[in-house]
Each structure stands twice: as C-alpha cells, then as structure tokens.
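This report goes through one protein chain, from its overall layout to single residues. The sequence and structure come first.

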Amino acid sequence: MAGVVHIPWYATGFRADVLEQALEEISRISIRYGATSYHVYRYRDDRYKFLQVVAFENKLDFERYWEGADFVDFRVRQGGHFQVPVLYAWADQTAHGELAPEPVTPGSEYRPDEGYADTI
C-alpha cells in the first residue's frame with residue numbers, strides 16, 4: 001500500500017542551513033529508490049526544525065532508501081548537524097488537493113499598474 005513517511009529533523013546550533021541543503025540532496029535521491037514525491041519543510045517559528053516527507057508505493061522501497069548506502073552516508077556526514085534519535089512515521093495519505101498555477105501566455109508581460117497586457 002502506498003504511504004508517506006514523515007521524518008522530523010532538528011538541527012544543532014548554527015547548522016540549520018547546512019542541514020537544509022543536505023536534506024534537499026538526500027530527498028532528491030529518494031526518487032532513485034522508488035519514491036513518487038518528496039518535500040522538505042523548514043518551520044518559520046523554529047528555523048532549526050525540519051520535516052522531510054517522502055511518498056513511496058511500498059514500505060520496502062522506503063526501507064531500501066533509509067538503510068541504503070546513500071542515506072547511511074548522509075547520516076555519517078551530517079551526524080553532528082542534527083539531534084538524535086530520528087524517529088520516522090509511516091502514514092497513509094487519505095486526501096490530497098492542490099491548486100495548479102495559472103499558465104503563462106507567451107507574448108504577455110506583467111505590468112503592475114495595468115495587470116497583464118499583450119505586448120506588440
């Protein structure tokens with residue numbers, strides 16, 4: 001059954017920016033292990049707090065990702081950049097919605113005073 005994994009991370013002092021970049025990289029790698037999507041969130045009220053969300057079709061693919069060489073290397077290299085333990089939670093997605101952005105029309109430009117207008 002498809003599911004979504006929530007992995008909370010908390011950066012150690014003055015290392016949140018480095019951890020943010022590292023989480024982006026390791027999340028991108030999840031696609032190689034069968035992930036269908038990934039998101040990394042950094043909280044605004046606590047800039048040291050992150051949430052990594054990765055969707056997989058089955059838990060075995062996630063376990064291959066989590067225990068694979070890439071994530072083991074991530075945990076070794078970033079070990080001093082986050083607090084331990086890191087406890088993930090597997091969840092089933094029960095609803096989803098998204099607003100698609102409005103398509104951009106070629107040949108139009110944005111004019112703040114006039115809105116969108118066709119160019120010559």
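## Overall layout

The model is a predicted one. The protein contains three helices and six strands. Read from the N terminus, its elements follow the order β-α-β-β-α-α-β-β-β.

The protein has 120 residues, of which 30% count as buried. Its accessible surface amounts to about 8,600 Å², and carbon and sulfur atoms hold 52% of that. Among contacts with a separation of 6 or more, 64% are between residues 24 or more positions apart.

## Packing of H2 and H3

Two packed helices are described by the angle between their axes and by the distance between the axes. Helix H2, residues 59–67, packs against H3 at an angle of about 45°, and the two axes lie 4 Å apart.

On the H2 side, the contact is made by Tyr65, Trp66 and Glu67, while H3 contributes Ala69, Phe71, Val72 and Arg75. Five of the residues in this contact are nonpolar and two are charged, with no polar ones.

## Backbone geometry

Most residues other than glycine have a negative phi, and most peptide bonds are trans. Two places in the model depart from these patterns. Phenylalanine 14 is not a glycine, but its phi is positive, near 65°. Phenylalanine 14 lies in the loop that runs between strand E1 (3–10) and helix H1 (16–29). With a relative accessible area of 80%, phenylalanine 14 is exposed, because the cut-off for exposed is over 50%.

Proline 85 is located in the loop between H3 and E4.

## Histidine 81

Histidine 81 also belongs to the loop between helix H3 (69–77) and strand E4 (89–91). Is histidine 81 buried or exposed? Its relative accessible area is 18%, and buried means under 20%, so histidine 81 counts as buried.

The side chain of histidine 81 forms a polar contact of 2.5 Å with the side chain of glutamine 78. Apart from neighbours within four places in sequence, histidine 81 is in contact with Tyr10, Ala11, Thr12, Arg15, Val18 and Leu19. Of these, Tyr10 falls within strand E1 (3–10), and Val18 and Leu19 fall within helix H1 (16–29).

Histidine 39 is part of strand E2, which spans residues 35–42. Its relative accessibility is 39%, so histidine 39 counts as partly exposed. Once neighbours within four places in sequence are set aside, histidine 39 contacts Leu51, Gln52 and Val53. The C-alpha atom of histidine 39 is separated by 9.2 Å from that of arginine 28, a residue 11 positions away along the chain.

Aspartate 61 is in helix H2. Which residues does aspartate 61 touch, not counting those up to four places away in sequence? They are Tyr33, Gly34 and Phe56. At 16% relative accessibility, aspartate 61 counts as buried.

Notes. Residues numbered from 1 in each chain as written. Predicted model: local features only at pLDDT ≥ 70, side-chain atom pairs only at ≥ 80, totals over all residues. Heavy atoms only, no water. Helix = DSSP H or I, 4+ residues; strand = E, 2+ residues; numbered from the N terminus. Buried < 20%, exposed > 50% of the residue type's maximum accessible area, 1.4 Å probe, protein only. Polar contact = N/O pair within 3.5 Å; in protein donor to acceptor, adjacent residues only side chain to side chain. Contact = heavy atoms within 4.5 Å. Axes fitted to C-alpha atoms, helices over the stretch in contact; angles between N-to-C directions. Nonpolar A, V, L, I, M, F, W, Y, C, P; charged D, E, K, R; others polar. Areas by Shrake-Rupley, 256 points an atom, 1.4 Å probe, with all protein chains shown as cover.
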